[in-house]
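I opened my notebook to keep track of what I looked up, one topic at a time.

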Amino acid sequence: MTDRFQAACAVLLKDPDTKRMKYITTVFVYAPRTTILDDWIPSAIFKSATADSLPSSDADDFRYDYRWLIERQIIDVMASRRQRREYFENVCNNPSFREETIPLSGGSLFDMVEEKPFNLVVILEPRRSAFSQSRPLSPVPEVHDPIKHREKIAMVARSRKSPSTEAQLSQLRVTQTRKAIDAIYNGRPLELLGVSVTIYNSAFTNFLRVLKANELEFSPEELLGARRFVASAVKYFPNENARVRAMAETMEGILGRSKPLLCITEAKCEIGEGGSDPIAQAERYYRAFYSSDEAQRLRVSCCCPCLLIGIAGPRIMVSGAVFADCLLIQELMDYRSFSLRPTLEERSAYDDRVHEAARLFRAIKTALDDLGRYYASVTLLPTTGGATESTASPASPKPYIGPQFTGFEIGGRAVTLTYTGRVLEDELSRAVYTALAHVQGSEVAHEVVVKFTHAYCVEGHRLLADHRTPEGAHRPLAPRLWYCSKVPSVGMYVVVMDRIKNTEERKLTEADRATLREAVALLHKRNLVFGDLRAPNVLLLRGGGLMLVDFDWCGREGAAKYPGDINEDGTIKWHADTKAGQLIKKEHDLHMQTVLVTTTTTTE
């Protein structure tokens, strides 16, 4: 038996006036058996990513009521946030809640809950004396403070061990989880899947574009540098320092000397040497550098884009990193070996590797040049005593570090976007943002949603957005579409639409069912299939009516197919023939339509 175990604790906030409890988050604690709850739970709460939903960042501003649901089957800790919220709010607001739970004091030892360690609940009740009249209590603030959230990530990151230690497997298994606010969203594991880094800076898009180009012509100087790199890469070195010196000299001859601001390189003598993957160590160096106090002005002014290069023996990998509303890092290429190998090209194996190296270094240099120009254009925000001036006053604006796409034209008039956040702040894998659209010549700011996606059916969206009644009245069945196009600098479709805020959670009415059937019929009449006809993609409007959103899967019947990452775990009642990679059929839409009209539908 080890002296530690993991426990999960659901955190709820109690309204001192209504006494109703609202779910905030679930924190996970790996603690010694002989320590007390008060030593671990409060600190875990205020280090979590959703602590911004509390009315104070000071743990002493609350009373803590610990409860153990020993007799109840707890919800799966891997359930969605919405499922956990509904479960815990139903349970904890039930009049029988206190009778069904065992109260624990803050001085209780952890081993008291070892029998059911995931059944722990803590209720936070604000101490009224901690909140002045000028600071009204709100269980969940309407405005997310992006600076506060990012600085909390940086604060936790500064408490981490050295990058070489943090990159070891034993540490990655502990820190690479959504419960860690400073986790690196690199898709390992899948719960840490983030959006594409190309959304934030075109340097990464241009890297991918150059690396994919096969018909490039190289100068004699480029080929000479590439040849020297290959010769150095395939050598055996006595130790890591010797390889680092040799590779640094070769790469500087090709790229010039790069600042940590633009590029971080980590090298190992060979694969398996040094105790960690070099790219994982480079990721931790990035986190440490951009979370430091010295980097604060950069951190509050931009998304801190950077190239990461990992080298292990003759193999090299390149990743892109940004510090947005999370630490987002993605591989831009697999580990590429420069050992000589058989080739089907009309050149020798050595020549083939030389050209491959020349293409890689052209891509790296292109990205570094782009990053250099980007940082030269960044205006650093001033800071005052460790906090940005924009946080000094509650009334001052709080800049959101958003995507690079900030403008387009409508009817010859420029439209400028100012990003304000995400539609769903806790779903960091969804590239859907809120923004204000400023149209040239108008003083009115329009609330819009900006979505980044690899495929989108503008025909289907516009068909429903422009829908009219038989009498000619405009009755949209989808949000107004401002813009939809594949943007080269992003490498994805960018979709801008009205933000629909007058939604509500309710059951489908008979009128709603008729409207849903009408929307599906309109698509089918145009020979379009929707594909993803589920409750989250149906917005129920306050006072009646509905709209469809998310036309990513929509397309021509006979051509549109289900994606390979479709959820097939049995929780969604797809048509029996719905399979990854197979054609989407009208009968599938009709099946999902039936599922919707016969069950309760809510708007998130």
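**Ground rules.** I say that two strands pair if DSSP finds at least two bridges between them. Helices (H or I, at least four residues) and strands (E, at least two) are DSSP runs, and I number them from the N terminus. This is a predicted model, so I note that local features need pLDDT of at least 70, side-chain atom pairs count only at pLDDT 80 or more, and totals for chains, interfaces and linings use all residues. Residues are numbered from 1 along each chain as its sequence is written, and side-chain values use heavy atoms, with hydrogens and water left out.

**Entry 1: strand β8.** I looked up what β8 (residues 306–312) pairs with. With strand β9 (residues 315–323) it pairs in the antiparallel sense, over 7 bridges. In that pairing I found L307 opposite G320 of β9. The two strands make a hairpin with 2 residues between them, and G313 in the turn has a positive phi of about 60°. With β7, strand β8 pairs in the parallel sense over 6 bridges; E266 has G310 of β8 as its bridge partner.

Is β8 buried or exposed? I use "buried" for under 20% relative accessible area, "exposed" for over 50% and "partly exposed" for in between (1.4 Å probe, protein chains only). By that rule 7 of the 7 residues of β8 are buried. Both faces are covered: C306, L308, G310 and A312 are buried on one side, and L307, I309 and I311 on the other.

**Entry 2: an open sheet.** Next I traced a sheet of 6 strands, which is open, antiparallel and ordered β14-β15-β16-β17-β19-β18. Its edge strands are β14 (407–410) and β18, each pairing on one side only.

**Entry 3: salt bridges.** How many salt bridges are there? I count one when a side-chain nitrogen of Lys or Arg is within 4 Å of a carboxyl oxygen of Asp or Glu. The count comes to 34. Side chains of opposite charge can pair when their charged atoms come close.

- D293 and R158 meet at 3.6 Å, N to O. D293 lies in the loop between α10 (278–290) and α11 (296–301) and R158 in helix α4 (residues 146–158), so the pair ties together parts 135 residues apart in sequence. D293 is exposed at 54% relative accessible area, while R158 is partly exposed at 38%.
- K268 and E240 meet at 4.0 Å, N to O. K268 is in strand β7 (residues 263–268) and E240 in helix α9, so this pair joins parts 28 residues apart in sequence. K268 is buried at 4%, but E240 is partly exposed at 28%.
- K501 and E447 have their closest N and O atoms 3.5 Å apart. K501 sits in the loop between β19 and α14 and E447 in strand β17 (residues 445–453), distant parts of the chain, 54 residues apart. Both are partly exposed, K501 at 48% and E447 at 33%.
- E427, R430, K451, D550 and D552 are linked in a network of salt bridges.

**Entry 4: helix α13.** In α13 (residues 458–465) I found G460, H461, L463, L464 and A465 buried. What covers them? I looked for contact, meaning heavy atoms within 4.5 Å. The cover includes β18 (481–487), β19 (492–498), α14 (510–525), β20 (528–529) and β22 (546–548).

**Entry 5: a surface patch.** Last, I noted that V234, L340 and Y350 form a nonpolar patch on the surface, with about 250 Å² of accessible area together. Patches are made of residues with over 30% relative accessible area and no salt bridge; like charges are joined within 9 Å, nonpolar side chains (Val, Leu, Ile, Met, Phe, Trp, Tyr) within 5 Å. The areas come from the Shrake-Rupley method with a 1.4 Å probe, and for residues only the protein chains shown count as cover. V234 is in the loop between α8 (220–233) and α9 (240–255), and it is partly exposed at 36% relative accessible area.
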